[in-house]
Amino acid sequence: MTDTVTQLCTLLQPFNTNGTVLSAATDISTDLNIDSVTVMDFVMEVEDHFDIEIPLNVLSETRTVADLAAVVEARTRKG
Amino acid sequence: MDLLAKLEGLAERHARMKALGGDAVGAVMERLLSPTRAIIEGRETILAGTNNYMGITFDAECIAAGQKALAEFGTGTTGSRIANGSYALHKELEQEFARFLDRRHCIIFSTGYQANLGMMSGLAGPRDTIYLDADSHSSIYDGCTLSGAKLVRFRHNDAADLDKRLSRSEEDGGGKLVVLEGIYSMMGDRAPLADFVEVKKKHGFQLLVDEAHSFGVLGPHGRGLADEAGLEDEVDFVVGTFSKSVGAIGGFGAGNHPYFELLRFAMRPYMFTASSSPASIATSIAAIRKLAAEPQRRRRLADNSARLFSGFKALGLELGCDEASPVVAVRCPDEPSTIAMWNALLKAGVYVNIALPPGTPNKMCLLRCSVSAAHTDADLDRIIELFGAVVAQGHGKKVANG
């Protein structure tokens, strides 16, 4: 796992109530069975952890931890 | 692949709800007896979940105005506001609202939901950014999506968090709109407007306040949170609804911007739907005049809200917020117990709203009451007594923090 994926998995753990084994391939919404509001709450934690902005618009194309890691890495480089 | 197969989870959840003895999201008001009484499942029931804050829905003058308009203008307008659907009544209502709100311009919409869709999408476009409170109503979220703007969510009622997110944002040349609500519909708490105004002075955005639950309710003139806080000059745009304090259906957007009237040609939810029916507009005109002329309704509502709030506090219930509000939400431990308590309350003679995730913040399960100026002390005491018997004696006392 890349460092970003590892950090995202750690941030995701409090939202992982059904004991899913988290990896880059984890589908954040369907594998963890969490609703859209909870996904947004998780992303807020990610924004604060990395001190970046992740507009909600980006989320419609972000399904897996790997997708989100790519967004985080692109936005961290910018900053 | 069947398109509706994705609803299987909903079907299971609804079946589980009904298996607990009732359909908490399918209650039918068989007959309305007054703003605070209906026949539900054949029984006379106290209504404590209707957002009928002013208790104005059966006002004789409002009903007479609606009947007159129905006879004179017909059953419906059969057209959009920008085609054949603007009647003298619609213009009159816009003028009445502008006067009441002390704003230069007011545009009315066919529903409150459309008011938010229209205002968000009319004000902001793909080059702009909307900063919205995490607990915003779905109509705000949907309006933001429709706008195509960049959407940034900040922590609920947290002006410092908004400040941080604005500072984090790159300057992209686009406009910035911040959206708050006067009273949040689920928990009943108010936005700390003065704190947000400080952030506005630092960052220079345009500010919209949705006063859906606070219009008619808060402030010396009943104009909402900004009126109560004495900060109306800092609020660029106001949104609200007729389906609560005004007792009809429809919504409004208002402001002083010189281009405000041009929004009529830039808001799809305003342009591509039929205008409100004459009867609904006429009852709204009568109602807004009453709200202006009868401030005692607001005082009565405040007294009633305080009575329910302190009664619930004395029962040891965990409430949605720490101040008396016409929205009094009782926090419950989980979905099955909330449904069971909702059923028990209904059978005992009181209707409240059930609110479950994802419609609530932080996955909370709520029994949500809304207070009316038309509730009597006896009504409120009965509601408190029933919550004491059903909720405080049951499972509602100990709730983990959300």
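A residue counts as buried if 20 or more other C-beta atoms lie within 10 Å of its own, exposed if 12 or fewer, and partly exposed in between, with C-beta atoms placed from the backbone. Keep that for later.

Now the model. It is predicted: local features need pLDDT of at least 70, side-chain atom pairs count only at pLDDT 80 or more, and totals for chains, interfaces and linings use all residues. Residues are numbered from 1 along each chain as its sequence is written, while chains are lettered from A and ligands numbered from 1 in the order in which they are written.

Helices (H or I, at least four residues) and strands (E, at least two) are DSSP runs, numbered from the N terminus.

Chain B, backbone geometry. Start with the loop between β13 (353-355) and β14 (365-370), where P358(B) sits. The peptide bond from P357(B) to P358(B) is cis, omega near 5°. K363(B) is in the loop between β13 and β14 too. K363(B) is not a glycine, yet its phi is positive, about 60°. Buried or exposed, or in between, for K363(B)? Partly exposed, because 17 other C-beta atoms lie within 10 Å.

Next, D102(B), in the loop between α3 (88-101) and β4 (105-109). Another non-glycine with positive phi, about 55°. D102(B) has 12 other C-beta atoms within 10 Å, so D102(B) is exposed.
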